[in-house]
Amino acid sequence: PILKGLIENYNVIGVVTQPDKEVGRHHEVEFSPIKKVALENNIKIVQPVKIRTEFNCILEMNPDIIVTCAYGQIIPKEILDYPKFGCINVHASLLPKYRGGAPIHKAILYQEKETGVSIMRMVKKMDAGAYMLQEKVAIEEDDTTAILHDKLMECGALAISKAIPILVNNEAEFVEQ
């Protein structure tokens, strides 16, 4: 939902996603959902194994802004410092709560009544950047991690669509964690 929202509202010049994986006993290649959406929309795709050393292909695209969501690798300083409007991340919790992996699982495990997404500035350390916008989502008693994941992805699409104009217009107020 986040990538689809970006494609609908902005000129997405490229997508970076994890390398294709072989699955099953027949070792069939499976594309990430992100790659599938990019292919459907004729968007350039790069799939570095180690982004910390394979980042020139990203810089060559000359992005004005970089948006990540659940990417899973630390982004090198060369990328973080490059875009005119910076690098922001859609994180599935109300920071500073539940940084790092499994924030959706943790919200359910600790019986939270609400969670949400944070739009944060990316820094070299995982999920440590200041955030500029948060959107809340109620956690219902019968929500599973899968249900909550889907709610948060929709919420994340809405949040990023609000955040980009604020960032581009230099109106963002970042809150340090």
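What share of the contacts in the protein chain with a separation of 6 or more comes from residues 24 or more positions apart? The share is 57%. The model behind these views is predicted.

View 1. Along the sequence the elements run α-β-β-β-α-β-α-β-α-β-α-β-β-α. The radius of gyration is 16 Å, close to the 16 Å that the globule rule gives for 177 residues, so the chain is as compact as a globular protein of that length. The C-alpha trace spans about 50 × 45 × 30 Å along its principal axes. Buried residues make up 41% of the 177.

**View 2. The surface and charges of the protein chain.** The accessible surface is about 10,500 Å². Carbon and sulfur atoms hold 51% of that area. The chain carries 20 positive and 24 negative charges. Their mean positions lie 6 Å apart.

**View 3. Helix α1 and its packing partners.** Helix α1 covers residues 2-9. Its buried residues are Ile 2, Leu 3, Gly 5, Leu 6 and Ile 7. They pack against two helices, α2 and α6 (145-168). They also pack against the strands β1 (15-16), β5 (66-69) and β6 (87-91).

**View 4. Ser 32, in the loop between β3 and α2.** Strand β3 spans 28-30, and helix α2 spans 33-40. Is Ser 32 buried or exposed? Its relative accessible area is 17%, under the 20% cut-off, so Ser 32 counts as buried. The Ser 32 side chain makes a polar contact with the side chain of Thr 17, at 2.9 Å.

**View 5. Asn 42, in the loop between α2 and β4.** Strand β4 covers 45-46. Asn 42 is not a glycine, yet its phi is positive, near 55°. Its relative accessible area is 74%, over the 50% cut-off, so Asn 42 counts as exposed.

**View 6. His 27, in the loop between β2 and β3.** Strand β2 spans 21-23. What is the phi of His 27? The angle is positive, about 50°, although His 27 is not a glycine.

**View 7. The cis peptide bond between Leu 95 and Pro 96.** Omega is about 15° at this bond. Pro 96 sits in the loop between β6 and α5. Helix α5 covers 103-109.

Notes. Residues are numbered from 1 along each chain as its sequence is written. This is a predicted model: local features need pLDDT of at least 70, side-chain atom pairs count only at pLDDT 80 or more; totals for chains, interfaces and linings use all residues. Side-chain values use heavy atoms; hydrogens and water are left out. Helices (H or I, at least four residues) and strands (E, at least two) are DSSP runs, numbered from the N terminus. The radius of gyration is taken over C-alpha atoms; the globule rule is 2.2 Å times the number of residues to the power 0.38. Buried means under 20% relative accessible area, exposed over 50%, partly exposed in between (1.4 Å probe, protein chains only). Contact means heavy atoms within 4.5 Å. Accessible areas come from the Shrake-Rupley method with a 1.4 Å probe; for residues, only the protein chains shown count as cover. Lys and Arg count as positive and Asp and Glu as negative; His and the chain ends are not counted. The place of a charge is taken as NZ of Lys, CZ of Arg, CG of Asp or CD of Glu. A polar contact is a pair of N or O atoms within 3.5 Å; within protein, one must be able to donate a hydrogen and the other to accept it, and residues adjacent in sequence count only if both atoms are side-chain atoms.
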